[in-house]
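The report below walks through a model with its sequence and coordinates at hand. Please keep both in view while reading.

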Amino acid sequence: MIAELGHFSLILTLFVALAQGCLALAGAARDNAVWIAFARPAARAQFLLIIFSFATLGWSFIVKDFSVAYVAQNSNSQLPLLYRIAAVWGGHEGSLLLWLLMQTGWAYAVSVFSKQLPDVMVARVLGVLGLVTAGFLLFVLLTSNPFERLVPAPIEGMDLNPLLQDIGLIFHPPLLYMGYVGFSVAFAFAIAALLAGQLDSTWARWSRPWATAAWLFLTLGIALGSWWAYYELGWGGWWFWDPVENSSFIPWLVGTALIHSLAVTEKRASFKNWTVLLAISTFSLSLLGAFLVRSGVLTSVHAFATDPRRGVFILMLFAVVVGSSLFLFALRAPKVGMGGRFELISRESLLLVNNVLLAVAAGAVILGTLYPLFIDALGLGKLSVGPPYFNAVFIPLMVPALLLMAVGPVANWKSAKISALMKHLHVPAVVALVVGVGAPFLLGRWSALVALGLALATWIATAVVKGIVDRMRATRTGLRAQPRSWLGMHLAHLGIAVFVAGVTLVMGYETEQDVRMTPGSTVSTGGYDLKFLGVNKAQGPNYVADIGDIELSRDGRVLRLLHPEKRSYISSEMPMTEAAIDANGLRHVYVALGEPLADSAWSVRVYYKPFVDWIWIGCILMALGGLLAISDRRYRLKRRERKAALVAAGATA
Amino acid sequence: MKRWWLTLLCAVIALPSWADNGAAEKRMLDIAGELRCLVCQNESIAASRADLAVDLRQQIREQIQVGKSDAEIRAYMVDRYGDFVLYRTPLKATTLLLWFGPMLLLAFGLLVLATTLRRRKSSVADALLSDDERKRAQALLAQTTDNGT
């Protein structure tokens, strides 16, 4: 009964979403105030209805109602409560329900935080979001209903995929979807502006915080996914250019271009067409990612259960979204003004080059991800496109982008003087050269790639610090007096620098050993000694584990015991590794149990990973930068000023 | 099946070459890192713990021992499993677009950028503000200090 209520609530949401989409857009077109006023309450109602649906599915998991097919497929009576709750989004159907929860949640947020916007604009934005929600609801109801019953009900469920039974599952998909879906808001703003024929800096200012918010969630989601794969898959890799990783990275690249382009459109009213196109692309590519992951065209550790109907439906949804928005764009774009004039050397031009590089990088990743599919479809054989390809094309594209990253923030809008740029940048240039050339010597082995990576990271970091210090001196104010959006930009750039340094050092100096260890034997890595003490069996709630005892020591001093695990879940043939990691912010000693060998020996994988933490710290800094930027006063000031103006108008009237 | 490779593995471990020979082991991992484990869901032979990957890692070790070059070992794998096994996609007629596509994209992007900038330069009017607007802007500027963002 509970599950049917959830299902019913989904159907109800579909009607609300359709009504909202049609009425709000029609109302905005015909200036009907009543229809326009319908948009906000309808958006809130959808969110509440989806929360209800979501809660009913969660309840079915909590009470172990295996008569619901989705619950039976993704949980088990032995599964701990926390994972039973996270299992709500552990499979295809439920993760779509999570998607809908986020989708309606973003629309709800728009309805709440849009008081400074004209009602007509809000109606258009929410109308577009309503139609997108309706598309996804149709998808869920027609092909992927999570509330379907199993008759007769099984006594026991099949259990959640063991790979997913981890704290990562609780946070990774929600963050990632917040990002994916969040770009639908920027998309809706773009479509609303096209519909209204009002593409101007106001539109850019309104959609900017939303795009940045989506971007920061996507950044965190991808970073968390990378960290999860790093410790869960047991081979010490943090990025594999897996098609599914790529399908989240592509919207990130285009979304990054979007937030930079929006800055130009807001400040200088230029690049308007390009910004709209990026807003449409970012969301469309999120949809493409969803298609790739869920249609079964990919083989990947993440791929969901396959069903061709689903693939076809998402492809149709993708075609409708892309087709209609590009059609609208083609109608309106020629009428859009060019905006302010700028010289060849100016912040505008630099940001345009950055946009070209990011867009080409996204294009290259799309090409590499889809190429094997096309070759296979054309009957030309089976190909693999793996990390060697992506590294070969992606890194050369990013080097100029990283070089420009220090230049853009110090270049003037409209027209920048080379001499002025040199004045700002000669210190970072010298520091970068010294660190780039010198540091690899100190680290033990000189290589050109390490030198390049460290020089780039230092270049950006020094420019950020110098930029902030110069500004504080010039304005004679403290750090806190600076505009937050400006500080946010610098913090995010610093995050990139930290990320680049981490990637460079871990790729340049990591070591990897696959050794056979008997109780008492030792192996050393990066100056640390690891002594294998043995392996004990232990019983988990729904698995049996072999837990290794490995003593970590340095120069004879015992530091701690590491406990890598190897788990056999009752539900799965494939054993799961749980790596043991000793981290101190500067390096990881990473140990994973391999296979048992004769004479109570085990094969053990030992990695030494210098600065690997910096990869994720860098991502966190980027996200914090985004957060700082959207908390800028000027997004809130507008509202207060408007209110004051309204009060004043009321007083005179 | 499991027993079979365990025996094989133990036999190999008895050989002195594995743990002692760090350089050969590194070479093996470098080669295996660019080969796809065919029974896995997109994992390399170096990373995977599947039986096939363990077996193939061992074969690479043996071939290194008998003095084969990296290219010969890769060719052996391609003979057995086809191009699908190579993560470093080979350059040939069907992959020309893959390898040169990004360069074409970049050239196209820069070309569009250059033409757009040139067109802009000739078409955007310098004076975007009317006299009245300019006066108002100056008045506003006098009131507030520009923060430059």
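Which residues have the most contacts inside the largest nonpolar core? In this predicted model, that core has 218 residues, and those with the most contacts inside it are A:Ala186, A:Phe189 and A:Ile460. Helix α7 of chain A, residues 167-196, gives this core its largest share, 18 residues. In soluble globular proteins, nonpolar side chains tend to be buried together.

The surroundings of A:Ala186 can be followed residue by residue: leaving aside neighbours within four places in sequence, A:Ala186 is in contact with A:Ser207, A:Trp210, A:Ala211, A:Ala214, A:Leu258, A:Ala279 and A:Thr282. A second, separate core has 18 residues, among them A:Leu530, A:Phe532, A:Val589 and A:Val606.

Helix α10 of chain A covers residues 272-294, and its 23 residues reach 33 Å from the first C-alpha to the last, close to the 33 Å expected at 1.5 Å a residue. This helix is mostly covered, with 22 of its 23 residues buried.

**The sheet of chain A**

Chain A also holds an open sheet of 4 strands, which are ordered β1-β10-β9-β8 and pair in the antiparallel sense. Its edge strands, each pairing on one side only, are β1 (511-517) and β8 (580-583), and from one strand to the next the twist averages 15°.

How many residues lie between β8(A) and β9(A) in their hairpin? There are 3 residues between the two strands, and A:Gly585 in the turn has a positive phi of about 90°.

Most residues other than glycine have a negative phi, and most peptide bonds are trans.

| Site | Backbone value | Loop of chain A |
|---|---|---|
| A:Val151 and A:Pro152 | cis peptide bond, omega about -5° | A:Pro152 between α6 (119-143) and α7 |
| A:Trp241 | positive phi, about 55° | between α8 (201-232) and α9 (243-268) |
| A:Arg476 | positive phi, about 50° | between α15 and α16 |

Are A:Trp241 and A:Arg476 buried or exposed? A:Trp241 counts as buried because 20 C-beta neighbours lie inside 10 Å, and 20 or more are needed for that class. A:Arg476, by contrast, is exposed because 7 other C-beta atoms lie within 10 Å, where 12 or fewer is the limit for exposure.

Another loop residue, A:Ser447, is placed between α14 (418-442) and α15 (448-475) of chain A. A:Ser447 counts as partly exposed because 14 C-beta neighbours lie inside 10 Å, a number that falls between the limits of 12 or fewer for exposed and 20 or more for buried residues. Not counting residues up to four places away in sequence, A:Ser447 touches A:Pro440 and A:Gly508. From A:Ser447 to A:Asn584 the separation is 137 residues in sequence and 25 Å in space, taken from C-alpha to C-alpha.

Chain B has 7 helices and 0 strands. Of its 149 residues, 24% are buried, and among its contacts between residues at least 6 apart in sequence, 46% join residues at least 24 apart.

Between the two chains, 43 residues of chain A are in contact with 36 residues of chain B. On the chain A side, the elements that give two or more residues are α12 (347-377), α13 (387-407), α16 (484-509), β1 and β9 (587-596); the largest share, 12 residues, comes from α12(A). The strands β1 and β9 in that list also belong to the open sheet described above. How do the residues on this side of chain A divide by kind, and what is the number of each? They comprise 25 nonpolar, 12 polar and 6 charged residues.

Technical notes: Residues are numbered from 1 along each chain as its sequence is written. Chains are lettered from A and ligands numbered from 1 in the order in which they are written. This is a predicted model: local features need pLDDT of at least 70, side-chain atom pairs count only at pLDDT 80 or more; totals for chains, interfaces and linings use all residues. Two strands pair if DSSP finds at least two bridges between them. Axes are lines fitted to C-alpha atoms, for helices over the stretch in contact, and angles run from 0 to 180 degrees between N-to-C directions. The expected span of a helix is 1.5 Å times one less than its number of residues. A nonpolar core is a set of buried Ala, Val, Leu, Ile, Met, Phe, Trp, Tyr and Cys residues joined through C-beta atoms within 7 Å. Two residues are in contact if their C-beta atoms, placed from the backbone, lie within 7 Å. Ala, Val, Leu, Ile, Met, Phe, Trp, Tyr, Cys and Pro count as nonpolar, Asp, Glu, Lys and Arg as charged, and the others, Gly among them, as polar.
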